[in-house]
Amino acid sequence: MGQTLKLYESAPTVQEFTAVVLACTPAQDGWEVELDQTAFYPEGGGQPCDTGTLGGAAVSGTRIHEGTILHHTSAPLEPGRTVEGRIDWGRRLDHMEQHTGEHILSGTLHRLFGAENVGFHIGQPAVRMDMSLPLTAEELAQAEAAANAAVRADRPVRCWYPDEEELAALPYRSKKALEGPVRLVDAGGADLCACCGTHLDSTGQVGLIKILSAQSYKGGVRLAVVCGQRAYEAVAAAWQDAGQAGALLSAGPGRLTPAVTAMQQGEAALHQRLAALQNTLGEALAAKAVPGKPFAALCPGADGDGLRRLCLAVSQRSGALTAIFAPGGAGLSYALTVPDADARPLCRALNDAFSGRGGGKAAFCQGSLSTADFDAVRAFLLRYSNQEEK
């Protein structure tokens with residue numbers, strides 16, 4: 001068929017257009033339509049495709065197959081018919097904001113640190129950028145600040161096909177060797193890159209670039225980045241979250257870190273006090289234990305570490321089956337040991353008898369039971385101990 005004119009390259013802000021249907025063929029869950037010209041961007045270069053309507057039919061996807069741009073429609077369109085197309089502008093504008101912002105940040109990271117962009121995808125909720133080098137938090141903050149300075153400079157974004165002589169003289173970025181006509185994007189001087197995507201008219205239209213996260217990936221770093229409206233929404237949500245957290249901590253945004261540090265220090269001090277109290281309780285329980293006799297006790301308020309401390313303290317005196325319980329969840333939490341024996345058979349029997357779960361090593365087990373009836377559990381342990389003695 002004929003070559004489709006790519007309006008999305010020559011006029012990326014066009015939202016409505018007319019075109020002649022060149023072909024329409026059945027496809028899975030619809031039809032695939034070829035046009036003489038289109039403003040629908042086909043998926044590629046890390047940018048998702050456009051959606052919208054075409055001749056009254058919904059366009060759920062656009063792709064390139066063997067050089068032909070195909071629009072996936074919900075209804076057939078008659079070849080030779082002139083149809084009106086309308087792209088989902090909110091979706092397109094978002095993609096343009098993300099893609100232009102990605103160019104600015106990628107170019108900045110390359111200029112400042114020599115990092116190459118080796119992977120890019122506009123996803124949800126963020127853009128994924130894979131950089132070839134490991135970058136510190138300080139370096140990323142520096143690059144983010146410089147990229148946003150380029151945004152505020154509001155310089156023109158230019159997209160064009162240079163001739164062979166001009167192309168050979170330009171130091172543009174590309175992930176692979178390219179043949180044939182090469183389309184370049186100059187992101188206001190912040191980046192010069194081979195790219196087939198759609199972009200804003202100026203860097204200022206990006207509004208804001210924000211790096212949300214960074215993690216090590218294949219010797220480099222994988223970034224989650226948002227630009228434009230997404231960046232505004234991310235910052236607004238983070239500010240609201242900080243405000244709510246600040247209200248709980250009696251500290252406003254900007255003073256959350258010292259407030260959280262103070263809370264952690266206070267929590268650590270409470271843990272130390274609790275451990276001391278649990279040690280004292282362990283000594284008191286051990287004083288009640290009879291050497292050679294099974295021991296079971298209910299200790300409300302004990303956490304997992306406390307149950308372990310109490311159980312081991314008592315077992316050192318009793319030298320026999322020792323189990324300490326505390327109310328937890330819908331039933332009881334427990335810690336148990338059987339000195340000079342394997343505690344795991346008892347753990348399994350206890351779990352089977354009271355719909356529990358848990359385990360451990362031969363010397364010590366912990367878990368939880370679905371029952372809160374301590375007397376029934378203690379009676380079970382005594383029966384089990386008597387059976388073992390026999």
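Which residues does threonine 62 touch, not counting residues up to four places away in sequence?

## Threonine 62 and its surroundings

In this predicted model, threonine 62 touches Phe40, Tyr41, Pro42, Glu43, Cys49, Asp50, Ile69, Leu70 and His71, once residues up to four places away in sequence are set aside. Threonine 62 has its place in strand 6, which covers residues 57-65, and because buried means under 20% relative accessible area, its relative accessibility of 3% makes it count as buried.

Aspartate 50, one of the residues that threonine 62 touches, also takes part in a polar contact with it, as the backbone oxygen of aspartate 50 lies 3.3 Å from a polar atom of the threonine 62 side chain.

## Helix 2 and its two ends

Helix 2 is made up of 25 residues, 89-113, and from its first C-alpha to its last it reaches 35 Å, close to the 36 Å expected at 1.5 Å a residue. The N-terminal end of helix 2 is capped by aspartate 88, which has a side-chain oxygen 3.2 Å from the backbone nitrogen of glycine 90. Just after the helix, glycine 114 takes a positive phi of about 75°.

## Alanine 187 and threonine 203

Alanine 187 lies in strand 12, residues 184-187, and is buried, with a relative accessible area of 1%. Leaving out residues up to four places away in sequence, alanine 187 touches His103, Ile104, Pro156, Val157 and Thr203. Glutamine 278, by contrast, is 64 Å from alanine 187 in space, C-alpha to C-alpha, and 91 residues from it in sequence.

Threonine 203 is found in the loop between strand 13 (192-194) and strand 14 (209-217), and with 1% relative accessibility this residue also counts as buried. A polar atom of the threonine 203 side chain lies 2.9 Å from the backbone oxygen of alanine 150. Apart from neighbours within four places in sequence, the residues in contact with threonine 203 include Ile104, Val151, Asp154, Arg155, Val157, Ala187 and Gly188.

## How helix 5 packs against helix 6

Two packed helices are described by the angle between their axes and by the distance between those axes. Helix 5 (residues 228-249) and helix 6 (residues 256-288) pack at an angle of about 45°, and their axes are 10 Å apart. That angle makes helix 5 oblique to helix 6, and helix 5 passes helix 6 in a left-handed crossing.

On the helix 5 side, the residues that meet helix 6 are Ala242, Ala245, Gly246 and Leu249, while on the helix 6 side their partners are Leu256, Ala259, Val260 and Met263. In an α-helix there are 3.6 residues a turn, so residues three or four places apart point the same way.

Terms used:
Residues are numbered from 1 along each chain as its sequence is written. This is a predicted model: local features need pLDDT of at least 70, side-chain atom pairs count only at pLDDT 80 or more; totals for chains, interfaces and linings use all residues. Side-chain values use heavy atoms; hydrogens and water are left out. Helices (H or I, at least four residues) and strands (E, at least two) are DSSP runs, numbered from the N terminus. The expected span of a helix is 1.5 Å times one less than its number of residues. A polar contact is a pair of N or O atoms within 3.5 Å; within protein, one must be able to donate a hydrogen and the other to accept it, and residues adjacent in sequence count only if both atoms are side-chain atoms. Buried means under 20% relative accessible area, exposed over 50%, partly exposed in between (1.4 Å probe, protein chains only). Contact means heavy atoms within 4.5 Å. Axes are lines fitted to C-alpha atoms, for helices over the stretch in contact, and angles run from 0 to 180 degrees between N-to-C directions. Angles under 35 degrees count as roughly parallel, over 145 as roughly antiparallel, 65 to 115 as roughly perpendicular and the rest as oblique. A crossing is left-handed if the near helix is turned anticlockwise from the far one by less than a right angle, and right-handed if clockwise.
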